[in-house]
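Visitor: I am new here. Please take me in for a close look at a single part of this structure.

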Amino acid sequence: MTIMTQGNSEGMRRCDGTCHNARKPKCTCICGGRYHGAGKQAQERLTRDWLGDDWREKKAEVEAAGGSFTAVINDALARLTRPQRPRPAQASLEFDVPARRSS
Ligand SMILES: [Zn+2]
């Protein structure tokens, strides 16, 4: 699963299963090693990095109020300033967020 993509002049790069399931220690993708070899925990770790450890509570609160958690994610990404974290152009939290509606 691709957990984030990042665009630059050379095109789109991504952090996906190739990185998460890697057996070798060297990471060459956009996460800089943060999610390297993390397997199924990569997505959870990414979510915590962006939204904090209590993100599930926040999600429940937002949805209880009739809001969109996807909007919260986008807002969190927009405010992300910690330079040691990868700063993705696009979030992917597919495992726990309703699928995007095309309409
Ligand atoms: Zn990666």
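Guide: Helices (H or I, at least four residues) and strands (E, at least two) are DSSP runs, numbered from the N terminus. Along the sequence, the pattern reads β-β-α-α-α-α-β. That gives four helices and three strands. Residues are numbered from 1 along each chain as its sequence is written. The model is predicted: local features need pLDDT of at least 70, side-chain atom pairs count only at pLDDT 80 or more, and totals for chains, interfaces and linings use all residues.

Now go to Cys15. Cys15 sits in strand β2, residues 11–15. A residue is buried if 20 or more other C-beta atoms lie within 10 Å of its own, exposed if 12 or fewer, and partly exposed in between, with C-beta atoms placed from the backbone. Cys15 is buried because 26 other C-beta atoms lie within 10 Å. In the chain of 103 residues, 20% are buried.

What does Cys15 touch, leaving out residues up to four places away in sequence? Two residues are in contact if their C-beta atoms, placed from the backbone, lie within 7 Å. Cys15 touches Thr2, Ile3, Met4, Cys29, Ile30, Cys31 and Tyr35. Take Tyr35: 20 residues separate it from Cys15 in sequence, and 8.2 Å in space, C-alpha to C-alpha.

Last, confidence. pLDDT is the predictor's confidence in each residue, from 0 to 100. The chain's mean is 76, and 73% of its residues reach 70 or more. Helix α1, residues 17–20, has the highest confidence, at 92. Strand β3, residues 90–91, has the lowest, at a mean of 52. Over residues 94–103, pLDDT stays under 50.
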